Amino acid sequence: MNLKKHLCSASGGLLRVAIGTAVLAAASQAAWAQGVAYVSSEKDSALTVIDLATLAVKGTIPTCKRARHVQLTPERQLMVACSDSNEADVIDPASGKSVRRIPLGDEPEAFDISPDGKVIYVSNEDAGEASFIDAASGRKLRSVKVGAEPEGVKVSADGKTLYVASEVASLVHVIDTASRNITKNIRVGKRPRRMAITPDGKELWVTNELGASVSVISTATHEVVDTVKFELKGARAEDITPVGIQITRDGRRAFVGLGRANHVAFVDVRSRKVGSLVLVGKRAWNVALDKAEARLFVVNGLSDDVTVVDVAGARAVKSIPVGRVPYGLVIVE
């Protein structure tokens with residue numbers, strides 16, 4: 001064979017292999033970015049990636065230390081708060097790569113992002129503060145002193161009001177985002193953890209971990225208007241420890257992880273009645289619905305797995321092993 005032709009043939013083959021590899025990699029990245037769940041892990045400093053079509057683990061993405069709360073930014077990037085690194089890791093879902101780190105202050109646990117994506121609101125647990133962080137520069141704009149061990153952080157849809165839950169004080173602090181001052185302190189159940197706002201913006205639902213309940217707050221008056229109590233046959237009251245909560249887009253149903261009771265509760269929002277109680281893994285922590293709201297994903301902190309619940313049938317359909325001490329979960333579709 002002519003040497004020149006041989007070299008051209010060989011280089012052409014290598015080029016085709018390289019192109020094929022690149023296409024497969026791009027397809028894999030696209031699949032990860034369209035229809036996957038990302039689960040943070042406190043012990044592994046990583047996100048576990050679950051394919052929603054197969055409900056199989058596709059891999060992991062390294063991140064900062066003690067990864068906890070995770071959510072999507074308005075630009076649809078992943079943001080992970082890492083308590084031991086004192087920062088947020090911003091990850092591009094398409095590539096699975098970290099694009100930047102943002103300082104969040106001491107011991108950040110939970111956060112929310114302003115609707116325009118410009119400000120990150122963070123609970124700094126050890127300092128007992130809520131911090132306002134400029135998302136572009138990472139500069140701290142303001143710290144607001146709140147009750148001891150703040151965790152849950154939720155901003156209103158119009159961006160004007162910030163709610164911060166203090167676990168020790170059993171208070172929800174109402175903060176005006178323009179003045180950055182507390183306008184009211186709302187007494188709720190014992191050890192409030194997480195919050196959800198109904199789609200019409202009229203109610204704030206707050207889980208009370210040591211109160212086995214959810215406090216329902218009117219956003220017009222900032223008063224508690226109702227309390228949803230949880231009971232579970234065969235479980236001690238102190239083991240019913242609600243934390244994670246999500247409300248459906250139509251505002252009709254709430255899903256609450258009951259912690260050490262190892263169940264997730266289905267709640268009718270209008271009547272405040274508890275319906276189905278579905279057995280999941282150990283310490284049902286945070287919860288997230290897929291886009292169709294057909295499946296509920298429950299993060300189980302002590303069994304190191306995620307339980308997939310069929311919403312229509314109110315039954316667990318699969319348990320997926322993930323990282324050690326999983327904490328949060330966000331779905332990208």
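Me: Where is Thr-73 found?

Reply: Thr-73 sits in the loop between β4 (67-72) and β5, strands being DSSP runs of E with at least two residues, numbered from the N terminus. This is a predicted model, in which local features need pLDDT of at least 70, side-chain atom pairs count only at pLDDT 80 or more, and totals for chains, interfaces and linings use all residues. Residues are numbered from 1 along each chain as its sequence is written, and side-chain values use heavy atoms, with hydrogens and water left out.

Me: Is Thr-73 buried or exposed?

Reply: Thr-73 counts as buried because its relative accessibility is 8%, where buried means under 20% relative accessible area, exposed over 50% and partly exposed in between (1.4 Å probe, protein chains only).

Me: And what is Thr-73 in contact with?

Reply: Leaving aside neighbours within four places in sequence, Thr-73 is in contact with Met-79 and Ile-113, contact meaning heavy atoms within 4.5 Å.

Me: Which residue in β6 is the bridge partner of Met-79?

Reply: That partner is Val-90; β5 (residues 78-82) and β6 pair in the antiparallel sense over 5 bridges, and two strands pair if DSSP finds at least two bridges between them. The two strands form a hairpin with 4 residues between them, and Asn-86 in the turn has a positive phi of about 55°.

Me: What about Val-90 and β7, which residue is the bridge partner there?

Reply: In β7, Val-90 has Arg-100 as its bridge partner, and β6 and β7 (residues 97-103) pair in the antiparallel sense over 6 bridges. This hairpin also has 4 residues between its strands, with Gly-96 in the turn at a positive phi of about 70°.

Me: Why is β6 largely enclosed?

Reply: Strand β6 (residues 87-92) is largely enclosed by the rest of the structure because 5 of its 6 residues are buried.

Me: Switching to pockets, how much space lies in the largest pocket?

Reply: About 1600 Å³ lies in the largest pocket. On a 1 Å grid over the protein atoms alone, a pocket is an open set of points where a 1.4 Å probe fits, with protein on both sides within 12 Å along at least five of seven lines, and lining residues have an atom within 4 Å of a point. Grid points are joined across faces, edges and corners, and the volume is the space filled by probe spheres set on them.

Me: Which residues lie nearest its centre?

Reply: Of the 47 lining residues, Gln-71, Leu-72, Asp-112, Lys-154 and Gln-246 lie nearest the centre of the largest pocket, while β28 gives the largest share of the lining, 5 residues.
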